[in-house]
Protein chains: 2
Amino acid sequence: MDVFEAIKGRRSVRKYKKEPVDRELVKKLLDAAHWAPSGGNIQPWLFIVIEDPKLLDVIRKVSPGYFGEAPLAILVCSNKEKAYKVGGTLGRDYLTICDCAMAVQNMLLAAYALGLGTCVVKSFSHTAVKELLAIPDGIEPELLVIVGHPDQVPKPPPKVPLSEIVYLNKYGEKFPNLEG
Amino acid sequence: MDVFEAIKGRRSVRKYKKEPVDRELVKKLLDAAHWAPSGGNIQPWLFIVIEDPKLLDVIRKVSPGYFGEAPLAILVCSNKEKAYKVGGTLGRDYLTICDCAMAVQNMLLAAYALGLGTCVVKSFSHTAVKELLAIPDGIEPELLVIVGHPDQVPKPPPKVPLSEIVYLNKYGEKFPNLEG
């Protein structure tokens, strides 16, 4: 699938079919994820694939943002300790979040190209998720990506037009000929 | 360009030709950026396109991470005030960073598909950049993306193999049949 088609066509899916997600597809998502850029090449990311239905059920209960019955979720974590050793506080407190978010965006686009639906969830109990997945100190859950075969794909959300959010050379200076 | 090809082929470019970047291409990058997902659809992002050579020169001087002579840069900022109003402290302090990073990843992939090189820079003086671009309180620079026609494209950086960073259902549990 064309990259622009993926970028524009991807939606946050909140209704899924029960059909499981093939592990070969999951591997493609993970591969896409870890090709994201990483500040100082720290690669602070870790991925926990959750496909055990009972575990997913509990995760769902502690994640108000987990809509629908997606049969799979990938928890993207950051290795804060590693990031601190290589990148100091900027590495630990900021670059980890950026790197993981970029890895997630790769996953979302890859999933869409493979016919899968995804939704990024930040609204989950960190404490509960850490305990449920036995995540040690120094590793922090960043974003939960739920994955499945879409049952319903929402329309694009309303978008702030570019003309309101793009400036040229200075804050407030109009960038010419933008739509909207 | 195929989305997987873009994800895997994109590199962080640090040597650029002097040739300017056509504004029509810049608009495509911005369009790609603002199709990123956004927690609660807050869309906290703002983009300042910097193409004035004198201004770029000064920005480069306060940005130790700005390599090469890229003829254009896009500063991705977050509207912290807007994010706080809609998403509280999680929105202001976390989702803004994620959303902007995802928007940046879209830009990087779009740029690569258009034959452009990019590099994400976090190492810049926030105070200096805010003053130079007249960025008001409540708006924060997040990431600087330098853009140009690549003069030299580096080899892929060494990657931690997936087998070391992917787990199944629990931290530390092996996900079967991963390469590496």
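Student: Which hand does the crossing have where α4(A) passes α4(B)?
Tutor: The crossing is right-handed. Keep in mind that this is a predicted model.

Student: At what angle do helix α4 of chain A and helix α4 of chain B pack?
Tutor: The angle is about 50°. Their axes lie 8 Å apart. In both chains, α4 covers residues 80-113.

Student: How many residues of the contact of α4(A) with α4(B) are nonpolar, polar or charged?
Tutor: In that contact, 12 are nonpolar and four are polar. No charged residues take part.

Student: Let's zoom out. How many residues of chain B are in contact with chain A?
Tutor: 64 residues of chain B, and they touch 64 residues of chain A.

Student: Which elements of chain B supply at least two residues of that side?
Tutor: α1 (3-9), α2 (23-33), β2 (45-50), α4, β5 (139-148) and β7 (166-168) of chain B. The largest share comes from α4(B), with 14 residues.

Student: And by class, what does the side of chain B that touches chain A have?
Tutor: It has 46 nonpolar, nine polar and nine charged residues.

Student: What rotation superposes chain B on chain A?
Tutor: A rotation of 180°, with 0.0 Å of shift along its axis. The RMSD is 0.0 Å. That is the relation of a two-fold axis.

Student: Through which surface do the copies meet?
Tutor: Through the same surface, because 100% of the interface residues of chain B are also interface residues in chain A.

Student: New topic: chain A by itself. How many helices and strands are there?
Tutor: Five helices and seven strands. Along the sequence, the pattern is α-β-α-β-α-β-α-β-α-β-β-β.

Student: What box do the C-alpha atoms of chain A fill?
Tutor: Roughly 55 × 45 × 30 Å, along the principal axes.

Student: What share of chain A is buried?
Tutor: Buried residues make up 49% of its 180 residues.

Student: And what share of its contacts join residues at least 24 apart?
Tutor: 78%, counting contacts between residues at least 6 apart in sequence.

Student: Let's go to helix α2 of chain A. Which residues are buried there?
Tutor: V26(A), L29(A), L30(A), D31(A), A32(A) and A33(A).

Student: What do the buried residues of α2(A) pack against?
Tutor: In chain A, they pack against β2 (45-50), β3 (72-79) and α4. In chain B, they pack against α1 and β7.

Student: At what angle do α2(A) and α4(A) pack?
Tutor: About 140°, with the axes 7 Å apart. That makes α2(A) oblique to α4(A). Their crossing is right-handed.

Student: Which residues make the contact of α2(A) and α4(A)?
Tutor: K28(A), L29(A), A32(A) and A33(A) on α2(A). On α4(A), they are A103(A), N106(A), M107(A), A110(A) and A111(A). By class, the contact has seven nonpolar, one polar and one charged residues.

Student: Now Y112(A). Is that residue buried or exposed?
Tutor: Buried, because Y112(A) has 22 C-beta neighbours inside 10 Å and the cut-off is 20 or more. Y112(A) is in helix α4 of chain A.

Student: Which residues does Y112(A) touch, leaving out those up to four places away in sequence?
Tutor: A6(A), G9(A) and R10(A).

Student: Last topic: what is the phi of N169(A)?
Tutor: It is positive, about 65°, although N169(A) is not a glycine. Most residues other than glycine have a negative phi. N177(A) also has a positive phi, about 60°, and is not a glycine.

Student: Where are N169(A) and N177(A) found?
Tutor: N169(A) is in the segment after β7 of chain A. N177(A) is in the segment after β7 too.

Student: Are they buried or exposed?
Tutor: N169(A) is partly exposed, with 17 other C-beta atoms within 10 Å. N177(A) counts as exposed, with 9 C-beta neighbours inside 10 Å.

Terms used
Residues are numbered from 1 along each chain as its sequence is written. Chains are lettered from A and ligands numbered from 1 in the order in which they are written. This is a predicted model: local features need pLDDT of at least 70, side-chain atom pairs count only at pLDDT 80 or more; totals for chains, interfaces and linings use all residues. Axes are lines fitted to C-alpha atoms, for helices over the stretch in contact, and angles run from 0 to 180 degrees between N-to-C directions. Helices (H or I, at least four residues) and strands (E, at least two) are DSSP runs, numbered from the N terminus. A crossing is left-handed if the near helix is turned anticlockwise from the far one by less than a right angle, and right-handed if clockwise. Ala, Val, Leu, Ile, Met, Phe, Trp, Tyr, Cys and Pro count as nonpolar, Asp, Glu, Lys and Arg as charged, and the others, Gly among them, as polar. Copies are superposed by least squares on the C-alpha atoms of residues with pLDDT of at least 70 in both. Two residues are in contact if their C-beta atoms, placed from the backbone, lie within 7 Å. A residue is buried if 20 or more other C-beta atoms lie within 10 Å of its own, exposed if 12 or fewer, and partly exposed in between; C-beta atoms are placed from the backbone. Angles under 35 degrees count as roughly parallel, over 145 as roughly antiparallel, 65 to 115 as roughly perpendicular and the rest as oblique.
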